[in-house]
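Student: Please take me through one part of this protein in detail. I would like to look at a cavity and what surrounds it.

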Amino acid sequence: MRTDTGRIIHLADYRPTDFVLERVDLTFELDPTETKVEARLIFHRREGADPNAPLVLDGDELKMTGLLFDQIELAPERYTETPDSLTIRDLPASVPFEITITTLINPEANTQLMGLYRSNGIYCTQCEAEGFRRITFFPDRPDVLAVYTVNIIADKAANPLLLSNGNFLGGAGYGEGKHFAAWFDPHPKPSYLFALVAGDLGVVEDTFVTMSEREVALKIYVEHGKEARAAYAMDALKRSMKWDQEVFGREYDLDIFMIVAVSDFNMGAMENKGLNIFNDKYVLADPETATDQDYANIEAIIAHEYFHNWTGNRITCRDWFQLCLKEGLTVYRDHEFSADQRSRAVKRIAEVRHLRSEQFPEDSGPLAHPVRPTKYREINNFYTTTVYEKGSEVTRMIATILGRDGFKKGMDLYFERHDGDAATVEDFVKCFEDASGRDLTQFSLWYHQAGTPQITVSSSYDASAKTFSLSLEQMVPATPGQTAKEPMHIPLKFTLIGENGAEAQPSAVSGGEVTGDVLHLTERSQTFVFAGIGARPVVSLNRGFSAPVNLHFSQTTDDLAHIARHDSDLFARWQAITDLALPNLTAAAKAAAGGKPVECDASLCDALLAIASDDSLEPAFRAQALALPSESDIARELGANNDPDAIHQGRQAILSAIATAGASTFRSLYDGLAASTPFSPDAAGAGRRALRNAALSFLALSDNSPAGAAEAYAKADNMTDLSQALTVLAHRFPDATETHAALSSFESRFAANALVLDKWFSIQATIPGEGALDRVMRLMQNPHFTASNPNRVRALIGTFAFANPTGFNRPDGKAYHFFAEEILAIDKRNPQLAARLLTALRSWRLLEPVRADQAREALMTIERAPSLSSDVADIVERMLKG
């Protein structure tokens, strides 16, 4: 485990390697504890490089057993070896040469799950970002591209399956009890995209015919007996391939595309060229074991990793500072795919909910960083919502500014110009400038400035002049390392809604650039004046969340209700409901903190119940509207000195008031949406279940009895309804006999299904109240809890820390100190997992003083611990210092 925490990598220090890697030939002789790796690397010195520069290769805890130069053993005085690097001197100035390195590694002992590891009898690799250096000494950086040939030798009985990147060359027996397989990837790739899988797995097979009429073999490998649960993943893959051809003109480029599902994996999935490796939770699904959200996640993540074939693989990153160039862009592509497959409005609402709950707090806390950072200490810690989700929003804004045709021309030019390259953000933006003729210099600040822009808005109407004025002022808050910010180019979609609900059409607009329905805010303050407006309109601003900003716009309750009733943009209607709800919820939290009664505004109840009972609206949208802002949303709105218990109490009081006022509406919805057709994971079926389960949650509040949820649990014929009924029981009635019975039956029924048991752990980890810590500690003693499995740890400890504000943020600090102890224990075996869990404390400074002091002490306990990994040391230092 690397514990060197002093080295900071700077974007400004980037320089190409002194040597060009031409070819990589790898031979693996697999063994659980002593795998032999032979790497044959062909280099030549880069033109213009220092003729005396040594070849410096990266390593991480490596043991070298052989080193050859042009097939001759290299003299010891010509190289220096440490576990973390290999330096070779006195190399040719002009001709190619061959270096052959032999290393021995222990896959069974590799609990970091980086590099080559073995778990549950399966050999597997994870090389992004810097895992390949745990396999062999190598120039392990994304701008080093080469073609790979891979030979795998292993025991045939234990490992009938031998997979790597590219096309299969062939295989045969290899001595007594062994066999080998050879693979060749003709597309140059960086080492982080290398993959190897060996073991005994079942397979689901299909084919796909590309637009140039090539037949591609499709294979999804899963544990034996689980093949039927990979059918939806295969369907999602084929739809992804078809969509990418139709929308982006991108065709798959190998003879075979493979997915392997494994149970021990640090990430969601990995886009290795032609051989994607997935956490099995994003592959396996059937109605009995997967929720509608699971199906949606599988669809999105299958698509995401497939889309990487072009945005990430064929065009990769020059360096890790450009990570958003593959991740943010590909998130945008998978969002668009899901929007086309499902409800675009509902998908957009879900995206914005996630952005606000995860990325906005990151942007406003000690871990804030630009979409394209300029320095890092541990690259694993920059796989963040800022790089992914905010990076996606930046791409979306380019599409908004340029329009559909302009964006497509820019993407086409990017694919044409940079295929086979390791590109930069500047390369990407330049393609859109060249394709459209538009200067995007100011817009590019979105890549370089951290923080969420705040826009203050005011409006006025001049009846005599028939003009409507909209004044906007932007400000980007200071963030660690960036105190002074320049004005951004912020594209804001808008409409003016008249009294009758029709959109008002101005005769002219002055004060700044307006293209179609987009206002371009480019100055610190601008006033847009709309002429020819016969009556005061209601302005709907940032429709579709066209820019990831915080709007401060004091619209009246009547104006928000008008938008909620009439806006043709469903996202804007949902946002208006949210804007109606948030002041009520923050007032409720303040009242609860002061021991005062909580009141629910009648206009909020009326608006919600009107939407809930409006059959002209799709059920999924109505369910989103009924899901009021979360406790974390309220905390963010309140800002500093927040009390999680008061926030919870206030929100529950508002929900109870809505439940009481709308009891008959919710009963009608629940009864009317009873399943009458077989389960289908499509958007329509998922929407009906979402609305019915929302009604069930409100009915549990109005009835104040577990009977309804217990009945729903008993009758549920799919995991969506079953887990939701169990959640209502556990969260509303944790001590009820019905709840204990349901939890016990769920555990017994799904004892053999790890992914479903993760739901059982998570549901209990999020039961609110101070009893949550004791419950989590008891669950850690459960025979089904496995500390070595990242999914299980995330399901229990991660869910508790991230999603149980009252239980985790106990005033006595006991949960924080428990969490600190667990982070230190996890860090010893899996630093990446520990560092990602630790970010649950990123907003500790916003807590009221008693809790904030306890959280700080827990962080200092971690900081003081000896032998911290570089991953955890980096996070804890930034959280205490920022």
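Tutor: Three strands each supply at least two residues of the lining of the second largest cavity: E10 (115–119), E11 (122–126) and E19 (256–262). Keep in mind that this is a predicted model. The whole structure holds 6 cavities of 30 Å³ or more.

Tyr 117, Ser 119, Asn 120, Ile 122 and Cys 124 are among the lining residues. Leu 201 and Glu 223 line it too. Ala 261, Val 262, Ser 263 and Asp 264 also belong to the lining. Sort the lining by type, and you get 6 nonpolar, 3 polar and 2 charged residues.

Two single residues are also worth a look. Start with Gln 449. Find it in the loop between helix H7 (445–448) and strand E25 (454–462). Gln 449 is buried, because its relative accessibility is 7% and the cut-off is under 20%. A polar atom of its side chain lies 2.7 Å from the backbone nitrogen of Glu 486. Beyond its neighbours up to four places away in sequence, Gln 449 touches residues including Pro 370, Lys 390, Val 476 and Met 488.

Then turn to Ile 611, in helix H10 (residues 602–612). Ile 611 has a relative accessible area of 5%, so it counts as buried. Setting aside neighbours within four places in sequence, Ile 611 is in contact with Ile 577, Leu 617, Phe 621, Arg 622 and Ala 625. His 44 is 567 residues from Ile 611 along the chain, and their C-alpha atoms are separated by 67 Å.

Key: Residues are numbered from 1 along each chain as its sequence is written. This is a predicted model: local features need pLDDT of at least 70, side-chain atom pairs count only at pLDDT 80 or more; totals for chains, interfaces and linings use all residues. Side-chain values use heavy atoms; hydrogens and water are left out. On a 1 Å grid over the protein atoms alone, a cavity is a set of points where a 1.4 Å probe fits but cannot get out, and a pocket is an open set with protein on both sides within 12 Å along at least five of seven lines; lining residues have an atom within 4 Å of a point. Grid points are joined across faces, edges and corners, and a volume is the space filled by probe spheres set on the points. Helices (H or I, at least four residues) and strands (E, at least two) are DSSP runs, numbered from the N terminus. Ala, Val, Leu, Ile, Met, Phe, Trp, Tyr, Cys and Pro count as nonpolar, Asp, Glu, Lys and Arg as charged, and the others, Gly among them, as polar. Buried means under 20% relative accessible area, exposed over 50%, partly exposed in between (1.4 Å probe, protein chains only). Contact means heavy atoms within 4.5 Å. A polar contact is a pair of N or O atoms within 3.5 Å; within protein, one must be able to donate a hydrogen and the other to accept it, and residues adjacent in sequence count only if both atoms are side-chain atoms.
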